[in-house]
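Hello,

Here is the structure I promised to pass on to you. My notes on it follow below, and I hope they are handy when you open it.

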2 protein chains.
Amino acid sequence: MKNTYAVILAGGVGSRFWPLSRELEPKQFLQFNGKQSLLQQTIQRVLPLVAAQNIYVVSNEQYKFQIQHQVAEFAVPAANIILEPQGKNTAPAIGLAAAHIFKRDPQGLMIVLPADHHISRPERLTVALKKAIEAAGDDRLVTIGIKPTSAHTGYGYIKAQGSKVVKFTEKPDKKTAEKYLKTGSYFWNSGMFVWKAAVILDEIKAHLPELYRTLALIVEAKELDARIWAKISAISIDYGILEKSKRVMVIPAKDLGWSDLGSWSAFSATCGKDKNGNVLQADCVDFDSKDISVFGKGRLVATIGLKDVVVVDTDDALLVCDKGRTEDVKKVVDHIKHAKRSEHFTHKTVKRPWGSYTVINNANGFKVKLVQIEPKKRLSLQRHLYRSEHWVVVEGEAKITVDRDVYFRKANQSIYVPKKGIHRLENPTNTPLKIVEVQCGQYLEEDDIERVEDDFLRK
Amino acid sequence: MKNTYAVILAGGVGSRFWPLSRELEPKQFLQFNGKQSLLQQTIQRVLPLVAAQNIYVVSNEQYKFQIQHQVAEFAVPAANIILEPQGKNTAPAIGLAAAHIFKRDPQGLMIVLPADHHISRPERLTVALKKAIEAAGDDRLVTIGIKPTSAHTGYGYIKAQGSKVVKFTEKPDKKTAEKYLKTGSYFWNSGMFVWKAAVILDEIKAHLPELYRTLALIVEAKELDARIWAKISAISIDYGILEKSKRVMVIPAKDLGWSDLGSWSAFSATCGKDKNGNVLQADCVDFDSKDISVFGKGRLVATIGLKDVVVVDTDDALLVCDKGRTEDVKKVVDHIKHAKRSEHFTHKTVKRPWGSYTVINNANGFKVKLVQIEPKKRLSLQRHLYRSEHWVVVEGEAKITVDRDVYFRKANQSIYVPKKGIHRLENPTNTPLKIVEVQCGQYLEEDDIERVEDDFLRK
């Protein structure tokens, strides 16, 4: 166990769970069922096999604070969070983690897991991973193959002969998938792998030599150079290595209750249903619907006489979609991105390293925000050129700097921050601080900010 | 024309347009298509035949300020707004209007119109009403019969022989409706009538003698006594008078483009469709839906691959309903009423005689409202026992009284109103005033108000 490491791939910006997921809050950070996010569930899943200090998370720089926040409860060291300046698909991400692990422990063996999958029976995964670890000890590239339970057309398949991989296939059509299911020698490609860091680096050297050279450079340097990373070709580990290597083998896993959560329909399939086949995870009043899924938070959703429909309700965007068409949610996201809207990017509540804010009203000449500052955190020392701010503390206690003066305000007290005043909002206490901020001015966008000093080194 | 009056029945609390309609904002006050509400469209429709000072509106006391506001542009006298303490169906409402008109003008002839119907070609109604006025001159009770264009099962039918009414029927089943349509001697009962006030009072005397006696009492008194009104039996004019009287005749009206707007489906049928048969009156992104209707305001609604679905999106409640089931919206309203929720009663934006307020955030210990005060209007002089209020003016200028002092505040200025402080908010200018109000306290309900003085005589 000492030499066993886990590498969790958490860099996806998947748009298929819009409007619940946003570019700044992708699927892996969301709680779907239960209290933990998919990333946290993934960490939980490897804890029987891997010590927390051996868990690595590879993700994108823009998710730095969310990952720090989410891994906090597991004692994963900050140094184990590897942040790519840009997503380059799985081969570079895995290679980067392998290089880090190899440097730390040349005997290191790594379990690679996507951060955004669902597994109902994780104890069965543990069994499969144990077998895989054993096999990887013989310098094999082990892939976990899921025993298919249906002729799914949304997954890639692995054809095996015994434990030997014959070939990787693309997503098949229905007919082909049915054939695969019947033969019994095909497995779903789960994206879960086990191998020695040294072995995967060897394979990268053989099949992706340019990537190998770049990884060597990067690991020697102290910081990841964004210009070097930008030049790396994006390529998947399947296409770049596994389809070419002679050392690949498959360990089958059965009855995991595995799903890649590839769409709202796929997620619905993992949820408990009521007697009408409905999943109603909302404040929902339904009359006579069948096989529908409703996801909401807070707002009342009334449904009548629907069949095979998915409803996802969020503060600023609503999705109503035929259950057979949930793959096309991506089209909506592309459309609103192209239209330069904001609903694909953030929620109304925007997370920040110091807490979060929610725009509760946005109008010509003024904007109202509810701002929450976590204990002992503070915003940057900053100023705005075009707006004044009225702050009313509604919960907790605030320490407020305006120019040279420091003020303390508690619930039911207010303060005024004039335009151009250099100010800072801080929560010096051990409980959350909430303020209502009324901004006044003709220009009220987020980019009207000059940061004089910042705990989080933002520009 | 001098002796011609219009009586517009605007007392309905119809719940079939929920969530757009609410108990405090029923259908007749809503804009469905165009800029005018259904009530205003109805007034507009009789103006070619009736002077504004001869237009009466009968409604419920709780809609007093909304009606005053909506009729303002038509110079309908305040004295012509007749407010029932309770709805008692159409016979008492019509009788009350008839008694008022008869007292004013014994020769008076009245056109009775429901306030919440749709007519695409009002000029054709004018033609039919002119004929009806002529016929009513011969002491007839004239009902406008709509030439059916389909075997509609949602309407009552009138069987006629020439202009003579043979009988009124209830809503038929599909088969019966098809038979009615074929014979050509059946008309839809439109609820539009024309008669002399004296004649309908005579008929009420004959068929509803108790109502007649009560009306006589009420018209003699200066104010409508709620205790007397409470004792009146609720009964429709159709059932109470028209089915019994010998003086009833029908004037057919053709091609009015008439609809009683009885449901979201009925409303959708009156709207223009795109090439896929969709009505998209929302900020909507659709892929491949057919024959759907989406009504929203502001929030992004994405629809994919739907068929025959109605989506109605409002700030605090969402409806997604099969098009064939829109009659059942009533069931949802009954359900939420029974559950003692609030979404059947008001919108997030609540209209007040002085303007409106919107609850933009509601949490434990604080509540945030956006308050709009119309020019020259003011709220009551009031105090709260359990909450303090922070007001930030964000548009216009406010005159604010707190205890013995008067303050003036303009945009980007604020004031604090302490718990128990006697205060008043006033807009002394000619442009709207907007303030953001942050309430702090442990009890934040609307009933924490003591009105010391009120322009609108509220308790």
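The domain bounds used here come from an automatic or database domain assignment. By that assignment, chain A is divided into domain 1 (4-259), domain 2 (264-338) and domain 3 (349-453). Between domain 1 of chain A and domain 3 of chain A, the C-alpha centres lie 40 Å apart.

Please keep in mind that this is a predicted model: local features need pLDDT of at least 70, side-chain atom pairs count only at pLDDT 80 or more, and totals for chains, interfaces and linings use all residues. Residues are numbered from 1 along each chain as its sequence is written, while chains are lettered from A and ligands numbered from 1 in the order in which they are written.

As for the interface, 46 residues from chain A and 45 residues from chain B take part in the contact (C-beta atoms, placed from the backbone, within 7 Å). The copies meet through the same surface, because 98% of the interface residues of chain A are also interface residues in chain B.

Technical notes
Two residues are in contact if their C-beta atoms, placed from the backbone, lie within 7 Å.
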